[in-house]
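Please walk through the model below with its sequence at hand.

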Amino acid sequence: MLRLLIGLALLHQLEGSSLFTPRQGKIFGGKTTLVKDHSFLVNLRRGGKFRCGGAIISPNCVLTAAHCLEGRHHQVRDLTLHAQQQCLGDKSPPEHVRSAWYVGVSPNYCRQRGLDSDVAVIRLSSPFDIAGNASMVKIDFNDLPPHSNLTVLGWGAINEEGHNWNQCLQEANVKLISHSECIQSVGSEQQKVTNNMFCARGDNARDACQGDSGGPIIHADRSVGIVSWGYGCGSGYPGVYTRLSSPAITYWVKSFIERHC
């Protein structure tokens, strides 16, 4: 079953659809980690309901997956971002919550084309207090070395039994695989693996899962990608991530940050 890691996958599951398994939920096969050690992380909510993960890349901006906006990136009145939440059921004090002002989505993103260029930046109505509890994560726009060890973070599902609405933050270690292996493993005519994506797979069924969509994948303390899509959770198939080193994505993200963040 196609698992849209960021936005789409979890969102359809949350509405009871069996077509997609979005990456909203807990890290599959991972372990609990402390949000204070990853204080750049936020979770996105629509009308107070958890939808996806994201990462603070400037006091005013959050990086996430385009599919997390559910095709409603022009509608932000009910879109909020919550920082410093260890578990999704924890109460968020006002200083840790920001409303969205507007959203930029890659012009090359197309849900109907298999989540190519699955990247968006949310401009906040007011900045997070970076001098306080929140922090920023730097983006590495360079290509990864072969077989890089990576860490994926999120509040996504820890198994395929459904999402726990009080899920606590998880992390899992995964390893970059080659583009050709990724295409052979998960590519198809309907769901292409493009140059704007990369794949990673963990040992012992470690993987991103429903609810992790939009969250960062980290290498050497920098964000190198965004949880996007995959097949199942911990199924042996690699997870697919938005590749921030893609020239087209690098250009768009840098241009948006320069103009809006």
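Helices (H or I, at least four residues) and strands (E, at least two) are runs assigned by DSSP and numbered from the N terminus. This is a predicted model, in which local features need pLDDT of at least 70 and side-chain atom pairs count only at pLDDT 80 or more, while totals for chains, interfaces and linings use all residues. Residues are numbered from 1 along each chain as its sequence is written, and side-chain values use heavy atoms, with hydrogens and water left out.

The protein has three helices and 15 strands. Of its 261 residues, 59% are buried; buried means under 20% relative accessible area, exposed means over 50%, and partly exposed lies in between, with a 1.4 Å probe and protein chains only. The protein exposes about 10900 Å², and carbon and sulfur atoms supply 49% of that area. Accessible areas come from the Shrake-Rupley method with a 1.4 Å probe, and for residues only the protein chains shown count as cover. Contact means heavy atoms within 4.5 Å. Among contacts between residues at least 6 apart in sequence, 72% join residues at least 24 apart.

The cysteines come next. A disulfide is a covalent bond between the sulfur atoms of two cysteines. In this model a disulfide is taken as a pair of cysteine sulfur atoms within 2.5 Å, and a search of the whole structure finds four disulfides.

One of the disulfides joins Cys52 to Cys68, with an S to S distance of 2.1 Å. The link of Cys52 and Cys68 is left-handed, with -90° about the S-S bond. Cys52 lies in strand β4 (residues 49-58) and Cys68 in the loop between β5 (61-64) and β6 (79-83), so the pair ties together parts that are 16 residues apart in sequence. How accessible is Cys52? Cys52 counts as buried because its relative accessibility is 0%, and Cys68 is buried with a relative accessible area of 3%.

Another disulfide joins Cys61 to Cys261, with an S to S distance of 2.0 Å. Here the angle about the S-S bond is -100°, and the link of Cys61 and Cys261 is left-handed. This pair links distant parts of the chain, with Cys61 in strand β5 and Cys261 in the segment after α3, 200 residues apart. Cys61 is buried, at a relative accessible area of 0%, whereas Cys261 counts as partly exposed because its relative accessibility is 25%.

A further disulfide joins Cys87 to Cys168, with an S to S distance of 1.9 Å. The link of Cys87 and Cys168 is right-handed, with 90° about the S-S bond. Cys87 is in the loop between β6 and β7, and Cys168 is in the loop between β10 (149-154) and β11 (170-177), so the pair ties together parts that are 81 residues apart in sequence. Cys87 is buried, with a relative accessible area of 10%, and Cys168 is partly exposed, with 22%. Cys110 counts as buried, at 17% relative accessibility.

Now turn to Ser245. Where does Ser245 lie? Ser245 is in the loop between β15 (239-243) and α3 (247-260). Its relative accessible area is 13%, so Ser245 is buried. The side chains of Ser245 and Asp143 are joined by a polar contact of 2.6 Å. The side chain of Ser245 also makes a polar contact with the side chain of Arg243, at 3.0 Å. A polar contact is a pair of N or O atoms within 3.5 Å; within protein, one must be able to donate a hydrogen and the other to accept it, and residues adjacent in sequence count only if both atoms are side-chain atoms. Leaving aside neighbours within four places in sequence, Ser245 is in contact with Phe141, Asn142, Asp143 and Thr250.

Ser117 has a positive phi of about 55° although it is not a glycine. Ser117 sits in the loop between β7 (97-105) and β8 (120-124), and Ser117 counts as buried because its relative accessibility is 1%. Asp221, a residue other than glycine, has a positive phi near 70°. Asp221 is placed in the loop between β13 (216-219) and β14 (222-231). Is Asp221 buried or exposed? With a relative accessible area of 71%, Asp221 is exposed.
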